[in-house]
Amino acid sequence: MGKPTGFMDYERKVSGSESPKSRIKHFNEFHTYLSEEKQKEQGARCMECGVPFCQAGATLCGMTSGCPLHNLVPEWNDLVYTGNWNQAYNRLKKTNNFPEFTSRVCPALCEAACTCGLNGDPVATKENEHAIIEKAYEEGYAKAKPPKVRTGKKVAVIGSGPSGLACADQLNKRGHSVTVFERSDRVGGLLMYGIPNMKLEKHIIDRKIRIMEEEGVTFQTEANIGKDVKAAKILKDFDRVVLCCGASNPRDIQAPGRDAKGIYFAVDFLTANTKSLLNSKFEDKQYVDVKNKNVIIIGGGDTGNDCVGTCVRHGAKTVTQLEMMPKAPDERAEDNPWPQWPKICKTDYGQEEAIAVYGHDPRIYETTVKEFVKDKSGNLKGVKTVQLAWVKDEKTGRMNMQEVAGSEQVLDAEIVLIAAGFLGSQKYVTDAFGVEVNARTNVNTAEGGYATNVENVFTAGDMHRGQSLVVWAIREGREAAKAVDESLMGYSNLNTQ
């Protein structure tokens, strides 16, 4: 370990943030990172435990504890402490293709499982990860490293989200010729258009894509396989195909008045916003204008929070976020012990900004939509909500949510954003390739496998496992790449952990 008493000598410190009322004036990242010396102190806090839960990626009570990528956290924390940045980068890259992404958008499962967090504050592992990768770019050792030998095999990866990029990166390193097809106008999938610029500035994605291109990966944008390009042609032109198209079907809210003008899916809202920002800095007006409007966001997850932050930046009159579930406790409950993921209430950046601007938390818990209220022209003018309560079913003993009689109210709203999650793969893609899907419309494979029922066609990421985290997408992409490599070469030396 770096310093045996480091966790006692140094307090946890993380990057500072621009104040909410200041950062809502722009769409840029707003963190101020630690100095190199302060970052070394954070590395010194790592105890290099005998059982490093931080890198376990184990499932406990249905939740992931530790990093699904099995990042070698104690190793590179120690290397940060000793100032061996190049080696820290090498150890980090051994398990993670894109630390420049995960160090910005990952919820830090590693920190939640950190042993220091049992009786104190966890090691600032996410901050150390960010320091390592940015130092690598600064010093030049994150530069392109093309494979020295090519195998002559060609692989098509459909989709350029985190799973597709990870799969392509691994297969290219092995020496296969990889082409990534992206139906949008820019590479990145969820990373590009599903995550706002203030969480992940898009030049960070472009920087990595340029390196992958220098290493030999080919990218084709505005190539919608299954519509603009026939699946049969892809199957003919390539030795293997990997479907990494994401869980692209947004979950809808079917309530009376759903056809009102002014209701949007969150993914469409965020995509239009980022496109307009990148294309013209909003001058083209090709985004949903919420200025001086009452906005209701349905959904309490990360996407809902991203919508809150985006609406605040555009000057919404009010922002309200509806959540079906009760408010989580502020501290761990007794039945949620370490190293389980802590089921506690988190106030994220968007909610912080809403509190600063409107003077209160935008979230309303245990509430759902009964009706979308329209005016005579069909425009949305309000949302009728109803409170929910947990009631025990006397026959089954299960707890069910039921409406509370007499709790209906109508909230003013000209804009509604549905951020209720995603349901699975899109039918036109799965039909085009003839792959089987399960009851949740995720592409079906053998348990633990990535090969579909169609010869030479594989799958990975949200399209395979359902909506999940970026780190899980990267892991899936890496494991699918190994499966493809084995099918092509008869063996594989690609690392997945």
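Predicted model: local features only at pLDDT ≥ 70, side-chain atom pairs only at ≥ 80, totals over all residues.

Biologist: How many bridges join E6 to E7?

Modeller: Three, with E6 covering residues 177–181. The two strands run parallel.

Biologist: What order do the strands take in that open sheet?

Modeller: The order is E7-E6-E5-E8-E18, five strands with parallel pairing. Strands E7 (218–220) and E18 (457–459) stand at the edges. Each has a single partner strand, so one side of each lacks a neighbour in the sheet.

Biologist: And what does the twist average?

Modeller: From one strand to the next, 20°.

Biologist: What about the open sheet with E9 in it, what's the order there?

Modeller: E9-E17-E10-E11-E12. It has five strands, and the pairing is parallel. E9 (263–265) and E12 (363–364) are the edge strands. One side of each is left without a neighbour in the sheet, because each has a single partner strand.

Biologist: How many bridges between E10 and E11?

Modeller: Five, joining residues 294–298 of E10 to residues 318–322 of E11 in parallel. Within that pair, Ile296 stands opposite Thr320.

Biologist: Switching to the inside. How many residues are in the largest nonpolar core?

Modeller: There are 42. Val157 and Leu165 have the most contacts inside this core.

Biologist: Which elements give two or more residues to this core?

Modeller: Helices H6 (99–105), H9, H10 (190–194), H11 and H18 (470–489), plus strands E5 (154–158) and E6. H18 gives the largest share, eight residues.

Biologist: Now the second largest pocket. How much space lies in it?

Modeller: About 420 Å³. Its lining has 22 residues. Closest to the centre are Lys93, Lys145, Asp169, Gln170 and Lys173.

Biologist: How does the lining divide into nonpolar, polar and charged?

Modeller: Six nonpolar, seven polar and nine charged.

Biologist: Which helices each supply at least two residues of that lining?

Modeller: H5 (85–95), H9 (162–174) and H11 (202–214).

Biologist: What is the phi of His70?

Modeller: Positive, about 55°, although His70 is not a glycine. His70 is in the loop between strand E4 (63–65) and helix H4 (73–81).

Biologist: Is His70 buried or exposed?

Modeller: Buried, because its relative accessibility is 14%, and the cut-off for buried is under 20%.

Biologist: And Glu366, what's its phi?

Modeller: Also positive, about 50°, and Glu366 is not a glycine. The loop there runs between E12 and strand E13 (367–374). Glu366 has 27% relative accessibility, so it counts as partly exposed.

Biologist: Last one. Where does Lys392 lie?

Modeller: In strand E14, residues 380–392. Lys392 is partly exposed, at 49% relative accessibility.

Biologist: How far is Lys392 from Ala136?

Modeller: Their C-alpha atoms are separated by 55 Å. Along the chain, the two are 256 residues apart.

Definitions and conventions
Residues numbered from 1 in each chain as written. Heavy atoms only, no water. 1 Å grid on protein atoms, 1.4 Å probe; cavity = no way out; pocket = protein on both sides within 12 Å on 5 of 7 lines; lining within 4 Å. Points joined across faces, edges and corners; volume = space filled by probe spheres on them. Helix = DSSP H or I, 4+ residues; strand = E, 2+ residues; numbered from the N terminus. Nonpolar A, V, L, I, M, F, W, Y, C, P; charged D, E, K, R; others polar. Pairing = 2+ DSSP bridges. Axes fitted to C-alpha atoms, helices over the stretch in contact; angles between N-to-C directions. Core = buried A, V, L, I, M, F, W, Y, C linked by side-chain atoms within 4.5 Å. Buried < 20%, exposed > 50% of the residue type's maximum accessible area, 1.4 Å probe, protein only.
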